Amino acid sequence: PAELQQQYLRTCLQHFRSLGRRVAELFELSKLESGQTVLQAEPFCVAELISDLLQNYGIAAQSRGITLQLADNADRQAQVLADIGLIERVLQNLIDNALRHTSSGGHIELMVSVAGNAVQVQVRDNGQGIPAADLPHIFERYWSKTAPGPTQTRSTGLGLAIARCILELHGSRIEVQSTPQAGTAFCFGLPAALQA
């Protein structure tokens, strides 16, 4: 029947898109790990980049009943010297994860603060959290768990590995703090751009 055909086609399309994303992420991670990715560092305002991303994710967050925002006390002027495209990718991966693991009614907040010669960026949520036994593995490629809830979404297990590699390329490292059923916070630092 035509209705069943449409259902099968939608399922196939969903799987093809998922496979396409995974192949693209594999190529991206391979380039990062093999040293083929060259940094294009330039000064930029982190809060402006975050604001652009929040606009992009606004509808997805709203449709899930999740508040997504830049912290009220975030430093909105902090400039970093980094590759804006790669840092955008890191933030996308962290926001994607936060949305996937935060239930309706929850909130995700991004924070920017200056600490000496570095600018600290944090993505924190009040979602399901990560069990202590899982924390050592979350940056490994292909490591992922199914997010609970009605959609039972599952990641490719490459996003956090990509984020880690990008930040290592910047001479930085990503840290995580998490409490099951209370939320997760990812934090990383970037070199502050010299002010004229």
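**Note on the predicted model**

1. Confidence. The chain has a mean pLDDT of 85, with 84% of its residues at 70 or more. The model is predicted, and one stretch calls for separate mention: over residues 146-154 the pLDDT is below 50. Beyond near neighbours in sequence, residues 146-154 have 12 contacts in the model.

2. Aromatic pair. One aromatic pair turns up in a search of the whole structure. The partners are Phe 139 and Phe 186, with ring centres 6.2 Å apart and planes at 85 degrees; because an angle over 60 degrees counts as edge-to-face, the pair is assigned to that class.

3. Placement of the pair. Phe 139 sits in the loop between strand 5 (118-125) and helix 4 (159-169), while Phe 186 belongs to strand 7 (residues 183-191). The two are 47 residues apart, and the pair links distant parts of the chain. Both Phe 139 and Phe 186 are buried.

4. Cysteines. The search of the whole structure returns zero disulfides. Cys 45 has a relative accessibility of 6%, so it counts as buried, the limit being under 20%. Cys 187, at a relative accessible area of 21%, is partly exposed, because this value falls between 20% and 50%.

5. Backbone at Gln 181. Which residue other than glycine has a phi near 65 degrees? Gln 181 has this positive value. Gln 181 lies in the loop between strand 6 (174-179) and strand 7. Its relative accessibility is 68%, so Gln 181 counts as exposed, the cut-off being over 50%.

Definitions and conventions: Residues are numbered from 1 along each chain as its sequence is written. This is a predicted model: local features need pLDDT of at least 70, side-chain atom pairs count only at pLDDT 80 or more; totals for chains, interfaces and linings use all residues. Side-chain values use heavy atoms; hydrogens and water are left out. pLDDT is the predictor's confidence in each residue, from 0 to 100. Contact means heavy atoms within 4.5 Å. Rings of Phe, Tyr and Trp (its six-membered ring) pair if their centres lie within 6.5 Å; planes under 30 degrees apart count as stacked, over 60 as edge-to-face and the rest as tilted. Helices (H or I, at least four residues) and strands (E, at least two) are DSSP runs, numbered from the N terminus. Buried means under 20% relative accessible area, exposed over 50%, partly exposed in between (1.4 Å probe, protein chains only). A disulfide is a pair of cysteine sulfur atoms within 2.5 Å.
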